[in-house]
Amino acid sequence: MKWYKISLHSQIENEAPLSLFLTDISNGISVDYSVDLMKSNIDDFEHKFRLNESDYPESDIRISVYYDEAENLDEKLNLINQFISENEAIINRDEIEVTVDTVEEADWENEWKKYFHSFRVSESFVIVPSWEMDDYEYDANDRLIKLDPGMAFGTGDHPTTSMCLTFIEKIIRPEHKVIDVGTGSGILTIGAYLMGARDLTATDIDTLSLKVAEENFKLNDTKPVDLRAADLLKNETKNYDIVVANILAHVIEDMITDSYRVLNDGGYFISSGIIVEKKEDILSQLKDAGFSIIEVLEDDGWVSILSKKG
């Protein structure tokens with residue numbers, strides 16, 4: 001099967017509106033930052049990353065989405081071009097470059113090996129693709145998340161994922177009962193497991209994400225995990241100590257009340273995927289629902305919020 005890769009090369013100021021829109025018309029996106037941008041935002045960059053600069057945009061960012069050959073490519077391109085030309089949040093729209101490449105399904109493994117490499121995402125979490133495990137040199141206290149991301153969202157290199165892992169590292173304990181809503185690649189569930197949690201639930205509405213997450217759970221020997229299809233927390237009947245959701249702001253809004261309902265007293269809600277422009281709205285809604293705000297992290301225009309029930 002053929003897959004179409006649509007890439008948008010743009011300034012980083014356009015990342016939030018473009019990411020939000022592209023996620024709405026696809027099952028997920030990938031964002032590549034130029035090496036210069038990453039160096040300017042990451043302390044001790046050379047120690048944490050081993051990258052081939054030719055795999056990344058020479059400047060600014062590149063946002064990509066993938067569609068299989070059954071999709072109407074012209075229709076998707078028209079939607080993208082219309083959004084760029086009409087959305088008021090987009091700056092320097094004439095400088096945005098849209099390209100299309102064709103990728104054979106058999107090439108996916110090599111595509112990921114080209115662009116995805118080992119890196120440290122927090123004080124103790126290190127993301128290591130399975131094909132680099134034999135070569136990666138790690139510290140005794142490192143918590144290794146072995147990952148084959150496939151086409152599911154969540155590799156750890158996006159600020160929303162790394163900020164969630166930072167919160168997971170801070171608060172999750174072995175006795176906690178955890179649900180990861182919109183698990184994607186399963187990376188946050190694996191992080192919770194490495195912090196000692198063993199009562200784990202991971203859900204997603206996308207069947208491809210569930211398949212990728214299951215493979216990554218096996219790769220990390222993360223078990224047992226109650227992995228299942230679900231539409232957010234709408235039909236959830238169990239109670240949890242931790243709810244994790246790295247999705248998008250408008251989806252977080254839809255699940256705030258349900259998160260409060262399914263959490264035990266004193267439980268935590270880790271919410272991420274929020275653009276900075278929506279931060280105050282989300283904070284206000286969390287407080288209105290009864291949550292106390294514990295900590296807010298911001299990185300490259302994205303926000304993650306740690307809140308507590310009771």
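**Contacts of one residue**

Author: Not counting residues up to four places away in sequence, I282 touches A249, I252, E253, I256, I274 and I305, a contact being heavy atoms within 4.5 Å. The model is a predicted one, in which local features need pLDDT of at least 70 and side-chain atom pairs count only at pLDDT 80 or more, while totals for chains, interfaces and linings use all residues. Residues are numbered from 1 along each chain as its sequence is written, and side-chain values use heavy atoms, with hydrogens and water left out.

I282 belongs to helix α10, residues 279–289; helices (H or I, at least four residues) and strands (E, at least two) are DSSP runs, numbered from the N terminus. Its relative accessibility is 0%, so I282 counts as buried; buried means under 20% relative accessible area, exposed over 50%, and partly exposed in between, with a 1.4 Å probe and protein chains only.

Together with L165 and I172, I270 has the most contacts inside the largest nonpolar core, a group of 34 residues. Such a core is a set of buried Ala, Val, Leu, Ile, Met, Phe, Trp, Tyr and Cys residues joined through side-chain atoms within 4.5 Å. Helix α6 gives the most to this core, namely six residues. Apart from it lies another core, of 24 residues, which includes F21, I25, Y56 and L73.

Away from its neighbours within four places in sequence, E169 is in contact with S122, E123, S124, F125 and M195. E123 stands 46 residues from E169 along the chain, and their C-alpha atoms are separated by 8.3 Å.

The second largest pocket draws on several elements. It has a volume of about 730 Å³, a volume being the space filled by probe spheres set on grid points joined across faces, edges and corners. A pocket is an open set of points on a 1 Å grid over the protein atoms alone, where a 1.4 Å probe fits, with protein on both sides within 12 Å along at least five of seven lines; lining residues have an atom within 4 Å of a point. Its lining has 33 residues, of which T23, N27, D204, N246 and I247 lie nearest the centre. At least two lining residues come from each of α1 (15–24), α6 (159–171), α7 (187–194), β9 (199–204) and α9 (249–262). The largest share, three residues, is that of α1. By type, the lining divides into 12 nonpolar, 17 polar and four charged residues.

Helix α1 is itself mostly covered, with seven of its 10 residues buried: E15, A16, P17, L18, S19, F21 and L22. The cover over these residues includes β1 (2–10), β2 (30–33), β3 (61–68), α4 (73–86), β12 (263–275) and β14 (302–309).

Strand β9, another contributor to the lining, contains T203. T203 counts as buried at 1% relative accessibility. Residues up to four places away in sequence aside, T203 touches I179, D180, V181, G182, T183, L210, R228, A230 and L232.

Some backbone details belong to loops. The peptide bond from K223 to P224 is cis, with omega near -5 degrees, and P224 is in the loop between α8 (207–219) and β10 (225–229). That loop also holds D221, a residue other than glycine whose phi is positive, near 55 degrees. D221 is partly exposed at 44% relative accessibility.

Of the contacts with a separation of 6 or more, 67% join residues 24 or more positions apart.

Key:
Nonpolar A, V, L, I, M, F, W, Y, C, P; charged D, E, K, R; others polar.
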